[in-house]
Amino acid sequence: MGDATAGAGAGAAPPYRPYRLLRTVTAHSRAVSCVKFSPPDGRLLASASLDKTIAVLCSSTLATLATLRGHSEGISDIAFSSDASYLASASDDATVRLWVLKNLPNSNPNSNSNSSDEIGDRCVRTLRGHTSYVFCVNFNAQSNLLVSGSFDCTIRMWDVVTGRSVRCIKAHDAPVTALHFVRDASMIVSASHDGSCKVWDAATGSCLKALIEPGKGPAVSFAKFSPNGKFVLVATFDDTLRLCNLANGKSLKVYTGHVNRVYCITSTFSVTNGKYIVSGSEDKCVYIWDLQGKNVLQKLEGHNDTVISVSCHPTQNKIASAGLDNDRTIKIWVQDA
C-alpha cells in the first residue's frame, strides 16, 4: 500500500521506544470526554468533560490557563482552529460554542500571572440549529468553516465569522459519531451509529461515496483522514480499527487487541517518531500499533476507566489520554530520548 503518513519521514523505521507515564492531571469533576493538543505546535492542551467545562492547559507545564464555562450540558467534543486562536465545542445542550483563546494568561510557573483565567466571556459565538445532542465538531484547514454532527442525524456546516449555518445535510439514519475534514478541506468524512462511513464534498454537501454502507455491520464509532488524505482510519463496535483506501474503499490494514463495543473512542495517527496508530480502549488502556505491521507495540496502563480519547502532540513524542467517570483524569505519556 501507499504511505498513509506521507511526508512524515523517509528511510527505515526507527526502533520503537516505549512510552511511560509522565503526569496525571485532574482538571474535571466528571468524565473527561475529549482531549486535544493544539495545532500547529502543540503549545496548548484542551480537555472537555461531562462537567460542562473545558480546561485549557499549557502543554509543557500542564498549568490551567483557562476554564471555559457556558454550556448547560456535558461536552462531547472539541476542536482547535488551525492557529489555535479559537476552540469549538460540541455539547448535549444541542449547541456548538466558539471560544477565543487569544491573550491567555502567562503559563510561566515563575510568573505572577499564571493563575487560571476563569472568565466566561471567551465565548464569541453560540451556534444553534441542531435539534439534539451535538456529538462531534471539526474546523477546516482555513478555519473559516466548522462542521458539526449530531444525534439528530444531520451534519451542519457553519460560517465561523457570522455563526450562520450555511448547510444542513441529512447525512445518516442514526446519530453522527465523528466528522473530519481532509487536509485540503475539499472533503469531509463522517461516521454513524447506522453502520456507515461516508465521504462528502465540502463545497456542495453531496455524498461522494460510502466507504462502509449502512446496515451491513456494527456501528461506526469514529473516522479520521490520514495526514496525507489518501486513507481513512475507521473504528467499529466490534473491537476493530481499519485503515481504508479512500480511492477504492478497500480495507488495507486491520488493528485489533483493544476493546471497543460501547463508547465512541477516538483514535489517531502518531508520526513524530515512526508511524503508529494510537487508540483508547474499554479495558482502561491506551493501545499503540505499528501502522504498517499492524502489531500492538505497547499497551499503556494506568487509567481507572475506559480511555475515551487520545491525542498525539504534533511535534513531540507525547500522548495525552482521557478517562471516563471512574477515572476523570488526563494522563500524559512520553518517550524517553
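I began with methionine 187, which stands opposite aspartate 201 in strand 16. Strands here are DSSP runs of E of at least two residues and helices are H or I runs of at least four, both numbered from the N terminus. This is a predicted model, in which local features need pLDDT of at least 70, side-chain atom pairs count only at pLDDT 80 or more, and totals for chains, interfaces and linings use all residues. Residues are numbered from 1 along each chain as its sequence is written, and side-chain values use heavy atoms, with hydrogens and water left out.

Next I looked up the pairing around that residue. Strand 15 (residues 187–192) runs antiparallel to strand 16 (residues 197–201), with five bridges between them; I count two strands as paired if DSSP finds at least two bridges.

My next stop was a hairpin. Strand 12 (residues 154–159) and strand 13 (residues 165–170) form five antiparallel bridges, and isoleucine 155 stands opposite isoleucine 169. Five residues separate the two strands, and glycine 163 in the turn has a positive phi of about 80°.

Last, I checked the record. Residues 25–56 are 0% helix and 53% strand, with end C-alpha atoms 12 Å apart. For residues 255–299 I noted 0% helix, 42% strand and 13 Å between the end C-alpha atoms.
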